[in-house]
Amino acid sequence: MRKDRKITLKSKEKELIRFHKELSQIREKIRSLPLIELKKPIFHSYGLVWSLKIQSSKFKEAYLYIIDTYSEIKRLKNLKKFQQIEPEPIALDKREYKKLLEKYPDAIRWFLIRKNKINVTEYIFNKVNILEKKIVKVMITHRKDIDPNLESRKREIEDLIYTNRDNSGKLDNLFGNRHDYVSESYKIKLKTIDLLNPIQSDF
């Protein structure tokens, strides 16, 4: 007869759990820091977007609404590659799609249904013949407030946990976590971009 076994955590694992909890709390505090409005917008980067190619159509208002509401800016690292790159497809989830149809019922004819990478249904704007790409300037109107003490402690714990395979492996076993070893500076950059309020102008 098999005897029940109690899981006994070693002092090292308990310490890692404390660090993991502290890191979660620090990240939450950083996320809750306010945005600070700049005195004037400053240039951040160039971006690639869709614009409406046709000048006259009875559905022009609906097309412009779809572009303005649902299209995303693709950042350009190299302006020389402008001709080789396409903007992001205009994709809606089920909630957005239903809301759009309430406003513009004719839009039911303009979308294709597909599954995305995580097998979730999405609706892709299919009238690419009426679209053309253009370059815009992305301007920053706000910046995230920074607490040097929080950032310093966050980096300290992340270095302790994620740059040590033994430590990260222990946490994987304890929490069943799967870590993405993308550089933290890149993650911060992406998170910052998500907070930008872009101002578009012709380039």
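The dialogue below goes through sheets, helix packing and salt bridges.

Student: What kind of model is this, and how are its residues numbered?

Tutor: This is a predicted model, in which local features need pLDDT of at least 70 and side-chain atom pairs count only at pLDDT 80 or more, while totals for chains, interfaces and linings use all residues. Residues are numbered from 1 along each chain as its sequence is written, and side-chain values use heavy atoms, with hydrogens and water left out.

Student: How do I read a sheet?

Tutor: Strands of a sheet pair through backbone hydrogen bonds, and the pairing is either parallel or antiparallel. The names come from DSSP runs numbered from the N terminus: helices are H or I with at least four residues, strands are E with at least two. Two strands pair if DSSP finds at least two bridges between them.

Student: How many bridges join β1 and β6?

Tutor: Strand β1 (residues 35–52) and strand β6 (residues 131–144) pair over 13 bridges, in the antiparallel sense. Leu-48 has Ile-135 in β6 as its bridge partner, and Ser-45 stands opposite Val-138 in β6. On the other pairing, two bridges join β1 to strand β2 (residues 74–75), also antiparallel. There, Gly-47 is opposite Arg-75 in β2.

Student: What is the strand order in the other open sheet?

Tutor: That open sheet of three strands has the order β3-β5-β4, again with antiparallel pairing. Its edge strands are β3 (91–92) and β4 (111–115), each of which pairs on one side only. Two bridges join β3 to strand β5 (residues 121–125), and the bridge partner of Leu-92 in β5 is Tyr-123. β4 and β5 are joined by five bridges, with Leu-112 opposite Ile-124 in β5. The hairpin of β4 and β5 has five residues between the strands, and in this hairpin Asn-119 takes a positive phi near 65°.

Student: How do I read the packing of two helices?

Tutor: Two packed helices are described by the angle between their axes and the distance between the axes. Axes are lines fitted to C-alpha atoms, for helices over the stretch in contact, and angles run from 0 to 180 degrees between N-to-C directions. Helix α2 (residues 60–70) and helix α3 (residues 94–103) pack at about 150°, with their axes 12 Å apart. α2 and α3 are therefore roughly antiparallel to each other; angles under 35 degrees count as roughly parallel, over 145 as roughly antiparallel, 65 to 115 as roughly perpendicular and the rest as oblique.

Student: Which residues of α2 and α3 meet?

Tutor: Tyr-65, Ile-66 and Tyr-70 in α2 meet Glu-96, Leu-100 and Lys-103 in α3, where contact means heavy atoms within 4.5 Å.

Student: At what angle do α1 and α4 pack?

Tutor: The angle between α1 and α4 is about 145°, and their axes are 10 Å apart.

Student: How do I read a salt bridge?

Tutor: Side chains of opposite charge can pair when their charged atoms come close. The cut-off is a side-chain nitrogen of Lys or Arg within 4 Å of a carboxyl oxygen of Asp or Glu. The structure holds nine salt bridges. In one of them, Glu-22 pairs with Arg-153, and the closest N and O atoms are 2.8 Å apart. This pair links distant parts of the chain, 131 residues apart: Glu-22 is in helix α1 (residues 11–31) and Arg-153 in helix α4 (residues 148–162).
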